[in-house]
Amino acid sequence: PNRTVDTCRPREPRQSGTDVLKLALGNPPMPLRLEIKKKLSARSDRVKCVDLHPTEPWVLSALYSGNVFLWETESSSLIKSWEVCDLPVRSCKFIARRSQFICASDDMYLRIYNYNTMEKIKAMEAHADYIRFVEIHPTMPYVLSSSDDMSMKMWSWEQNWECTSTFEGHAHYVMMCKFNPKDANTFASASLDRTIKVWGLGAHQPHFSLEGHERGVNCLDYYPGGDKPYLISGADDKSIKIWDYQTKACIQTLEGHSNNVCSVLFHPRLPVLVSASEDGTVRIWHATTYRAETTLNYGLERAWSIAAAQESNGLAIGYDEGTVLIKLGHDAPVASLDTHTGKLVSASNNDIQSVSLKGAAADHADGEKLNLVMKDMGSCEIFPQIIQHNCNGRFLVICGDGEYIIYTSQALRNKAFGQALDFAWSAVGTGDFAIRESLSRIKIFKNFKEELTVKPPMSAPEGIFGGACLAVRGADCVCFFDWNMGTFICKIDVAPTAIYWNETQEMVLLVCEDQGFVLKYIKDLVDKAVSEGSVAPEVGVPGAFEPEHEISGTIEKGQWIGDCFIFSNGHGRLSYFVGGNTMTLCHLDQQGTGPLFMLGYLPREDRVYFMDRSRNVVSYRVLLSVLQYQTAVVRCDFDAANAILPAIPESEHSSIARFLEAQGHKDVALQVSKDKDHRFDLALELGKLNEATILLDETPCHSQDTTDSMTKWKRLGDLALSSCDIPLAERCAQNAKDLAGLLMLYTASGNRAGVSTLAHDALNQGKFNVAFVSYFILGQVEECYELLVKTNRVPEAALFARTFLPSHISSAVALWRKDLKQVSERAAAALADPSEYPNLFPDLDCALKVEEIFKQNRGKLVSASAYQSAKDDLDLDLISLMKSQHATAASDAGFASSANHTKSTRPTKECASTDSINSEPVLTSVSSKDDIKDGIEADEYKSVLKGKQKGPGNEADAILNDDFGDDDDW
């Protein structure tokens with residue numbers, strides 16, 4: 001039967017040892033609430049031994065096959081393996097101080113490896129028979145080994161792994177040995193001779209023996225705490241015995257396994273002891289009441305070894321078919337920070353300690369370990385799993401083992417106690433709280449006295465939360481109740497893991513698995529409905545909560561400061577949420593300490609405090625004035641914000657400006673920000689060209705030619721161009737060395753002098769594309785040709801000359817041939833020079849004439865106003881036009897010559913003369929320049945006539961007759 005609890009009478013402290021068992025028999029405690037999660041399950045050959053690294057997420061497994069595996073628990077992956085020998089490896093242990101591990105195998109050898117480099121450091125024959133176990137001394141450079149040769153040996157790595165002592169006295173195999181954590185100069189050994197012997201490092205004979213097992217003893221372990229001189233052992237008689245090694249008495253025998261017990265241990269952090277057996281089960285027992293809490297069976301056949309780490313809640317298990325790592329409870333330290341007084345209360349096992357954090361971080365940098373001296377407050381009679389201060393810090397509650405005890409926070413005096421699955425403080429009354437007494441019964445206490453019982457509208461409540469309202473969580477929802485009357489207020493269809501209320505009780509954050517929901521609580525509406533009694537039991541108060549924002553991502557723990565919520569996300573970042581925006585304050589340094597758990601924020605210290613698993617405290621600076629300013633901005637109270645701003649250091653103004661920018665107040669952000677880069681960005685966004693220009697003009701000389709500076713000038717130039725500020729755009733392009741932009745500006749505005757200057761600057765800067773285009777626009781085709789030649793673009797120069805500068809074709813071909821000969825002489829010979837093969841260059845004479853005319857007239861510019869009348873000239877085919885003019889001139893000359901020779905020539909001869917464009921009389925008759933239109937020379941015309949006379953057939957013959965080499969040469 002459950003014991004009746006008088007909350008008004010202080011509870012007497014529990015006793016220890018056998019008295020505890022008598023008390024427990026009359027008043028059985030509630031089961032230990034210990035969440036168990038499997039973190040690693042790795043199949044392999046039989047695992048004879050496992051070990052956990054003290055700081056890294058690693059599990060070391062010794063296999064019967066002769067291998068050693070190193071598993072990474074977070075990714076469940078095998079990261080390293082060693083082939084030790086062909087015989088079983090029965091034991092392995094980390095030597096973290098030296099980044100090494102040691103393993104013992106059936107070939108009687110001890111081997112030491114560096115687990116970082118995988119190098120074998122030492123191998124030595126240690127015993128005359130199988131080595132069963134190795135143990136690392138906690139402080140000194142010693143390793144102890146036990147063997148089937150009935151002896152134990154101690155080895156020193158400082159003496160090159162020499163054996164410094166040998167311990168003999170057992171009459172059978174020595175299965176295990178363990179150092180005493182409270183007295184490292186003593187150790188105990190377990191043997192198949194059914195005894196446990198306790199030894200001293202300086203003596204070769206045991207101090208005493210513990211006898212009681214009916215069969216051989218396989219394993220043992222010391223109790224890690226300082227309050228009990230206990231030792232646990234497991235044997236082939238299927239039993240587990242608890243010994244007091246001071247009185248040498250067996251104080252308890254635990255039975256439940258159906259086969260040999262292979263491994264036992266006291267958990268270093270939790271009030272449990274664990275046993276593994278060849279029956280395939282791992283049993284967890286309460287370390288105080290010795291009650292069997294749970295049995296684990298993962299179906300991997302026999303369990304051979306278990307291991308736990310000092311700084312984590314992990315438990316590694318070695319089975320016949322692999323390795324398993326489970327997590328017992330949570331890694332977070334049990335502690336609570338009173339944000340009113342700055343007093344930190346924490347638990348180390350059952351011991352309660354306190355320290356004041358006021359001024360402790362004054363001379364410490366962010367993330368630096370604080371030098372704190374903990375003060376012992378006393379011992380708690382239950383194992384603490386939760387410590388939490390009430391709303392004003394006068395009281396604190398300690399929960400564990402399904403019970404709660406309320407103490408005064410200053411002297412740890414008992415105020416109230418009882419049984420409860422969950423506990424929650426009210427945010428209103430000093431002595432107001434609620435408990436979940438059973439699966440369906442929730443009670444509210446007023447001033448430490450039971451007031452009423454709440455029946456939530458759900459079948460199985462899973463937890464309760466305190467604050468302005470009492471919240472009861474179900475499987476898929478949370479219900480809110482009034483503290484005074486227990487009135488149902490609202491039901492929300494989310495299942496939060498934590499609920500945080502701000503100080504004014506206007507905002508509430510529901511923390512779910514991967515996101516959070518910020519709600520606004522309409523307190524006046526709820527109070528009015530409750531006082532008037534108009535709340536429908538099934539409906540509650542409509543509109544009691546209004547959704548405001550969502551926070552994406554994980555929220556590990558946090559605290560409201562005004563309307564700002566500061567929190568850690570569990571991934572090494574400290575962030576805060578305000579006005580719908582989440583911003584990162586800093587990245588937490590967790591490399592050397594492991595995960596950091598947020599304790600809280602002290603406004604007077606302007607610091608957020610964290611604790612690691614070793615109960616070391618670090619802090620990070622967060623200014624309260626900054627949070628107050630942001631709260632005022634979110635509330636649109638700009639008068640209050642302006643009053644707070646002078647109190648904020650200028651070093652924080654830039655972060656304030658980014659917050660203002662996110663809130664849409666960019667003009668104010670521009671005034672507040674001290675970061676020139678940020679101010680420049682804001683000036684561009686606001687279109688303030690003059691201010692942006694001034695900021696860039698203030699750039700130091702040594703930074704003006706940097707990529708960042710030129711990028712800013714280009715951005716400003718783009719904005720100036722879109723604003724039609726052409727002079728500023730030109731200046732920006734010049735400062736940014738944006739030659740392409742300058743080319744666009746100059747060509748669009750018809751700035752011929754600018755294009756000329758640009759061509760020269762581009763050539764000097766090696767921007768040959770821009771230089772080429774500039775020269776081409778200016779009509780300076782000679783410079784274009786020379787540029788192509790200078791940049792070793794000879795083929796392009798030849799083609800350019802063929803099109804725009806026919807007078808340079810021969811020189812271009814000569815250069816091309818010279819360049820191409822380095823690759824293929826036949827290919828170079830195949831290039832045709834017009835001086836050698838004029839038949840391959842039809843109309844070349846016309847092209848030369850067009851080039852001369854172009855050079856003579858390229859200085860004559862056409863104004864932009866004449867574009868409509870001159871645009872058609874852009875499509876003229878100058879070669880065709882020249883040929884047409886030649887044909888017209890030839891026609892006129894032919895008619896004139898025919899008339900002059902009519903009287904002296906026969907008609908047939910006249911026909912021949914007029915029909916034959918190649919006849920000598922015709923050529924003679926057109927040799928005069930006076931008869932040629934537009935100044936076309938007779939020789940040029942003759943060349944044109946010869947080209948026409950040759951025709952396509954003759955041209956093809958000329959090509960075929962030229963020796964360009966056989967096809968095989970290509």
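Among the contacts in the protein with a separation of 6 or more, what percentage is accounted for by residues 24 or more positions apart? In this predicted model, the share is 45%.

Let me begin with the overall picture. The protein has 970 residues, and 49% of them are buried. Its secondary structure amounts to 23 helices and 55 strands. The accessible surface is about 46,600 Å², with carbon and sulfur atoms contributing 48% of that area.

I turn now to one of the sheets. Four strands make up an open sheet, ordered β1-β28-β27-β26, with antiparallel pairing. From one strand to the next, the twist averages 20 degrees. As a reminder, the strands of a sheet pair through backbone hydrogen bonds, in either a parallel or an antiparallel manner. Tyr 319, for instance, has Gly 322 in β28 as its bridge partner.

My last topic is the second largest pocket. It holds about 1,900 Å³ of space, and 43 residues line it. Nearest its centre lie Phe 854, Arg 858, Asp 873, Leu 874 and Leu 878. Which helix gives the largest share of the lining of this second largest pocket? That helix is α18, with 7 residues. Other elements that each supply at least two lining residues include α11 (739-749), α12 (752-764) and α20 (878-900).

How values were computed: Residues numbered from 1 in each chain as written. Predicted model: local features only at pLDDT ≥ 70, side-chain atom pairs only at ≥ 80, totals over all residues. Heavy atoms only, no water. Pairing = 2+ DSSP bridges. Axes fitted to C-alpha atoms, helices over the stretch in contact; angles between N-to-C directions. Buried < 20%, exposed > 50% of the residue type's maximum accessible area, 1.4 Å probe, protein only. Contact = heavy atoms within 4.5 Å. Areas by Shrake-Rupley, 256 points an atom, 1.4 Å probe, with all protein chains shown as cover. 1 Å grid on protein atoms, 1.4 Å probe; cavity = no way out; pocket = protein on both sides within 12 Å on 5 of 7 lines; lining within 4 Å. Points joined across faces, edges and corners; volume = space filled by probe spheres on them.
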